[in-house]
Amino acid sequence: MIQLIRGFKDILPGEVEIWQQIESVARQLLEDFGFKEIRIPVMERTELFARSIGEDTDIVEKEMYTFPDRKGDLITLRPEATASIARAYIQHKLFAQDPVQKFYMIGPMFRRERPQKGRYRQFYQIDAEIFGVQSGLADAQLIYLLVTLFTRLELADINAHINSLGCPQCRPDFRKALTRYLVSVSDRLCSDCNRRRDRNPLRVLDCKVPTCREALTDAPSIQDSLCDDCRADFDEVMSALDNLNVPFVVDKRLVRGLDYYTRTAFEIQTTSLGAQSAVAGGGRYDNLVRELGGPDIPATGFAIGFDRLAELFGLNAPDMIPRPDIFLAALGAESQALAFEWVCLLGKSGIRAEMDMGAKSLKSQMKRADRLGAANVLIVGENELKEAAVILRNMATKEQEAVPIDRLVENLKKRFNK
Ligand code: ATP
Ligand code: MG
C-alpha cells in the first residue's frame, strides 16, 4: 500500500470543518480590516527565497524543497509567502497608484524539517502583509488583528511577545556586543550556533536547542542598543497596544528566523501546544522590497501557523461534522425512484438529503440514518404511495406525521426555511 510522504498529511472530514470555520472567520476579519486576497504560485525561482530569506537561515540552509525542473531551472516549493507577495507587488507595479496596499493569502508552505507534532513538511499559513506604511501603527494594527482573531475563535492562553530588531544603523552595535557574548559561551552552544556566530549572530537567539537557550540567559538585550528612531518607533507600537488594551510582553530574545526583518518583530505564543509554542509570527521588513529590485517601500506582515491554530481550536471545539437534514428511506422500486428524484431536488434547494441507492431493508436504512445523525427520516413505502402521503419522523423527538406527496419538496423547503 502506498502511504503519503513523511511530514505530509491528509486533512479528513471531521477535521476539515475546523479548518473551514477558522478560514471563514479569518477571511471576514482580514477583509473587514481592508486586506485583499492575493494568490501566488506554490513554486518560485530558488533565487527569490535565497535572496530574501537569507543564506544563513534554517530555511535556506536545510529546509527548502529545491530541485531542477526538466530544463534545469532551479525552482523551490514556497517555504513562506512574504517573498512571493513582495515579488508580485514589485512585478505588477502594485505600488504605482498607491504604495499602501494590504494583502492576505491562505495556503500551503513547504519546509523539509524534522516532522513532529505541530511541525509538518507541508503546512498551511494565513498570511497578511501591509506595504507602504512606515509607522509602527501598522505593526500595532497587525498584532491587534491577530489578538482579535484568536479572541473571536475563543482561544484563551494566547500571549503576544514583541521586540524590536533595530535597523541597519543600530543593529551593528548590538551584533558586536552579542558576538562578544557568544564567544564567551561558545563551549555551551551547538555547532550550528557556533558556525552562525560570526555571520548571523542574531539567529543564535532563535535556536531551539535547550542548552543553547540556557547559555543565552544573560545575553545582551537589543532593547539596550536601539537608536533614537527605533526607540521612538517601538514606543509608538507599545503605546498603541496599550491604548487598544492588548496585553503584551517585551521579549528581548525574540528574533525572526528570516533575514529581512527590521524593527518590530512579534510572535503569538501559547502554552497549550507543548514544544511548538508559536502560533503566529511576523514583523517589519523595511528593506525587502528594495532588495528585490523594487522602490524603497517599507512593509510589515505576519504569518499564522494554520495547523497549530486548528489544533488549538480543535482542543475544545464541538463536533462539527455536518449531518443530513433528512434521510429518505425508500422501499420498492417505485418508491426508490421517487426518493431519488426528491433527494436531488432537495439538495438543489439547500436541504441536506441522503438515501440508500440500493435495495436495502427498512431496518438497515433506519440504522444508516441513525449513523449519519440525520435530523429527520422520510419513510417512502408502497403503503405511503397508495395513500399519497409519506411519513416524516423527527429523530430527536420521535414524533411522526404524514406529509402529502403532492408538492413534497416545496413543503419541506418551507419547513426547513429554504
Ligand atoms: P518555528 O519557530 O516554530 O520554527 P518559524 O519561526 O520557523 O517557527 P515562521 O517562518 O515565522 O515560523 O512561520 C510562521 C508560523 O508558521 C509559525 O509561528 C508556526 O506557527 C508556523 N509554522 C512554521 N513552520 C511550521 C511547520 N513546519 N509546521 C507547521 N507550522 C509551522
Ligand atoms: Mg522554523
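# Exercises around ligand 1 and the protein cores

The shell around ligand 1 is made up of six nonpolar, four polar and six charged residues. Keep in mind as you work that this is a predicted model.

**Exercise 1.** Find which residues come nearest to ligand 1, and work out how much of the ligand's accessible area the protein covers.

*Solution.* Start with the shell. It holds 16 residues, and those that come nearest are Arg 111, Glu 113, Lys 208, Arg 256 and Ala 278.

Next, look at oxygen atoms of the ligand. One is 2.8 Å from an N or O atom in the side chain of Arg 111. For Ala 278 the backbone takes part: a backbone N or O atom lies 2.7 Å from an oxygen atom of ligand 1. Arg 308 has a polar side-chain atom 3.0 Å from an oxygen atom of the ligand.

Now turn to cover. On its own, ligand 1 has 580 Å² of accessible area, and the protein covers 92% of it.

Finally, see which elements supply the shell. Strands E6 (122–131), E10 (278–284) and E11 (299–305) each give two or more residues. The largest share, four residues, comes from E10.

**Exercise 2.** Decide whether Glu 113 is buried or exposed, and name its contacts.

*Solution.* First place the residue: Glu 113 sits in the loop between strand E5 (101–110) and E6. Then apply the cut-off. Buried means under 20% relative accessible area; Glu 113 has 13% relative accessibility, so it counts as buried.

Last, list the partners. Leaving out residues up to four places away in sequence, Glu 113 touches Glu 63, Arg 119 and Arg 121. With Arg 119 there is a polar contact between the two side chains, at 2.8 Å.

**Exercise 3.** Work out how many residues of helix H12 (306–315) are buried, and what they pack against.

*Solution.* Count along the helix: seven of its 10 residues are buried, so H12 is mostly covered. The buried ones are Phe 306, Asp 307, Arg 308, Leu 309, Ala 310, Leu 312 and Phe 313.

The buried residues of H12 pack against helices H1 (16–32) and H5 (136–152), and against strands E5, E6, E10 and E11.

**Exercise 4.** Find the residues that touch the most other members of the largest nonpolar core.

*Solution.* This core has 56 residues, and Ile 85 and Phe 131 touch the most other members. Helix H4 (82–91) gives the most to this core, with six residues. A second, separate core has 46 residues, including Leu 145, Phe 150, Ile 268 and Phe 302.

Now look around Phe 131. Among the residues it touches are Ile 85, Ala 86, Tyr 89, Phe 103, Tyr 285 and Val 289.

Notes
Residues numbered from 1 in each chain as written. Chains lettered and ligands numbered in written order. Predicted model: local features only at pLDDT ≥ 70, side-chain atom pairs only at ≥ 80, totals over all residues. Heavy atoms only, no water. Core = buried A, V, L, I, M, F, W, Y, C linked by side-chain atoms within 4.5 Å. Buried < 20%, exposed > 50% of the residue type's maximum accessible area, 1.4 Å probe, protein only. Contact = heavy atoms within 4.5 Å. Near = heavy atom within 4 Å. Polar contact = N/O pair within 3.5 Å; in protein donor to acceptor, adjacent residues only side chain to side chain. Areas by Shrake-Rupley, 256 points an atom, 1.4 Å probe, with all protein chains shown as cover. Nonpolar A, V, L, I, M, F, W, Y, C, P; charged D, E, K, R; others polar.
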